Every structure is written in C-alpha cells, then in structure tokens.
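Welcome! Please take a moment to look over the sequence and the 3D view before reading on.

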Amino acid sequence: MELPILILILLLVTGFIALVWSADIFVEAAAALARNLGVSELVIGLTVVSIGTSAPEILVAVMDSYTTAPEIAIGNAIGSNIANMGLVLGVTALFVPLPYGKRIQKSEFPLLITATVLVAICLANLEVGRLDGLLFLALFAFILYRFVISSGRSKQFSEEIEHQLQGIPEMSVGKSILRSTVSLIILLVSARLIVIAAEGIATRLEVNEMIIGLTVVACGTSLPELAVTLRAALKGGHAIAIGNIIGSNILNLLVVLAVPAILHPSAITLMEYGRDFGVMFGLTVILGLFIYVSNRNDTISRIHGAVFLILYVSYITLLTTQTT
C-alpha cells in the first residue's frame, strides 16, 4: 500500500532530524571514547570528527546501495558537494567573511581538485563500478595518511584541531560506548527511513530518484556541515570552516560515492554526468579561482558567498524546471 505524500514528507523530515541529532551525539561519544583510549587529538580530529560530519551521507549511501536503486546514493554524493559549496559556503560567507591560510592553497584544495579529476575520469564512461570505488578508497587512504604525516608537524594545524575539539564533553568509557552504540543504531534507522521516504516521494511525484538524491536528500544530509561550518566561522575558526567543507567534499567523492560503486555498480546518464557532475566540477573550479586568482586578501568574501548562493539557487531552479 502506497503511503500518502504528506506521510512520506513527515517521515523524511523525521528521518533528517533524527539523523542530524544522532550524528552529533555519535561524533561526541566516539571522540570521547577515542580520547579515553589514549588516541591523540590530531588523529581524533582527522578521523572521528571529520568523518563524523559526513556520517549521514555515508549511511544513506550504504542503506540505499542495498536496494535496487542506488541513484539516491550517487545523487546524494554529488548533490552534497554542490550544496556544500553553493549553500553551506555561500550562506556562511554571507554571515562571516572567511580568511584562510596557505595550507588551504598548498595542500587541501589541491587534494580536492585531484579527487574531483579522478572521479571525472572514472565516470566518463557513464558507469560507477567496483574498480572505480576501490580507486576512490585507495586515494582517500593516501590522503588521510598524508594528512596525518604532514599535520603532525604543523603547530597551526594542531591549534585548529584543539579548537575543533573544544566542544567534545568528557565522559566515562562505559557512557561513551553506550552513547556511541545507541546513536549509531538511530543513525542506521533514520538513514533507512530517509531512503524509504525519498524513494516513495520520487515514485509518487514521478521524479527520477537521482533528482531526489541531488536535492532533498543532499540538502538534508548537508545540515551537519552547515551547522559545523557556521558555528566554527562565528567562533573565529575560519580555517576550520573552509577546511571542513573541502574535507567533506573529498569524503563525499572518495568514500560516499565509493559505497554504491562497490555495493551496487550502476550507470549514470550523459545528462547527469554533464549537468550534475558538471555543476559540481564547475563550482570546484570557481572555488579554486576565488582562492588563487581573484583574491588578494586570502578571504572568501561576502561577494564570493553571494555568487555561490546564486549559482546554487540557479541549479536547483534548473532541476525543478526540467522535472516539471
């Protein structure tokens, strides 16, 4: 029996609320557990906290890839990157201009463009296969290793990690294990709820599931990035704000997109590659131009933020007009 559209929307909203809330609890508990076990703050910041903000995308990708339609997972990975640059970076820069350091120019953005180019090459045959997924994960492992090695020598990066972990509460090992377990269960259930609701909405509205993944699901799962980025920027952690967006985009390309590639290889259309991945690629290039060319103050300004937000609204408008 098909559920009414209003019930599906309610389930989707409920799933998003539970997903974002449980992801935040899971990150805090997992970071506290790692700290209790003697893991260095550098490793916690690079793994638990950074990957934790992408937990919604990863879990939605896992849940969706077990179904017969992984389009939502693929659309979520690409759409989340578009939302991170167009919506999250745009809105944050409108509130607070974001200065950044040389590390963004010399290390983090080059890694993002490398990941983007690799994915562009792998998807050029319009297929998302297991070999592609393994290549994505291999590059991610290399990037993570490179970050751990290089960041341990950087005093500035250590200070940023310390700033990033200030909100992590102290808790006992038992409490952190319990909170991690319960929040992970809620994460899994809410991710599955989102996939079911999104598939139902796509069916009822006769809209391609890829479009739902690119828009509704991508925006919903990008809420943790928006919260973390905006909070960091307002508290003066500007490098963390931009680094969070770049890191999240790398994770979406190399981990979230690897999940449907490995679990459920599938194809994408030429339009999806040219329009959706093309928009994501274009926004990444524009971000690079803002960072390297059109910026004398090493700052993502309010004008830059407005440009990203206008481009994002234009893209969503394009999707809407093409599906009506």
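**Confidence**

What you see is a predicted model. Across the protein chain the pLDDT averages 79, and 79% of the residues score at least 70. Confidence is highest in helix 13 (residues 270-292), with a mean of 93, and lowest in helix 7 (residues 155-164), with a mean of 54. Where pLDDT is low, the predicted coordinates should not be read in detail.

**Around helix 13**

| Helix pair | Angle | Axis separation |
|---|---|---|
| Helix 4 (residues 71-95) and helix 13 | about 40° | 9 Å |
| Helix 5 (residues 102-122) and helix 13 | about 165° | 11 Å |

With an angle of about 40°, helix 4 is oblique to helix 13. Their crossing is left-handed. On the helix 4 side the contact includes Ile78, Ile82 and Leu89, while helix 13 brings residues including Phe277, Leu283 and Leu287.

Helix 5 and helix 13 pack at about 165°, and angles over 145 degrees count as roughly antiparallel, so these two helices are roughly antiparallel to each other. Helix 5 also passes helix 13 in a left-handed crossing. Among the residues that meet here are Phe109, Thr116, Val119 and Ala120 in helix 5, and Tyr273, Phe277, Met280 and Ile291 in helix 13.

Which residues does Phe277 touch, leaving aside its neighbours within four places in sequence? They are Ile78, Thr116, Val119, Ala120, Leu123 and Glu272. Phe277 also belongs to the largest nonpolar core, which has 76 residues. Together with Ile78, Val119, Leu123, Leu254, Leu287 and Ile300, Phe277 is listed among the residues with the most contacts inside that core.

Asn76 sits in helix 4. Is Asn76 buried or exposed? Its relative accessible area is 0%, so Asn76 is buried. Not counting residues up to four places away in sequence, Asn76 touches Glu57, Val60, Gly213, Leu214, Val217, Ala218 and Thr221.

Glu127 lies in strand 2 (residues 127-128). With a relative accessible area of 46%, Glu127 is partly exposed. Although Glu127 and Ala267 are 140 residues apart along the chain, their C-alpha atoms are separated by 4.3 Å. Beyond residues up to four places away in sequence, Glu127 touches Cys122, Asp132, Ser266 and Ala267.

Methods: Residues numbered from 1 in each chain as written. Predicted model: local features only at pLDDT ≥ 70, side-chain atom pairs only at ≥ 80, totals over all residues. Heavy atoms only, no water. Core = buried A, V, L, I, M, F, W, Y, C linked by side-chain atoms within 4.5 Å. Buried < 20%, exposed > 50% of the residue type's maximum accessible area, 1.4 Å probe, protein only. Contact = heavy atoms within 4.5 Å. pLDDT = per-residue confidence, 0-100. Helix = DSSP H or I, 4+ residues; strand = E, 2+ residues; numbered from the N terminus. Axes fitted to C-alpha atoms, helices over the stretch in contact; angles between N-to-C directions. Parallel < 35°, antiparallel > 145°, perpendicular 65-115°, else oblique. Left-handed = near helix turned anticlockwise from the far one by under 90°.
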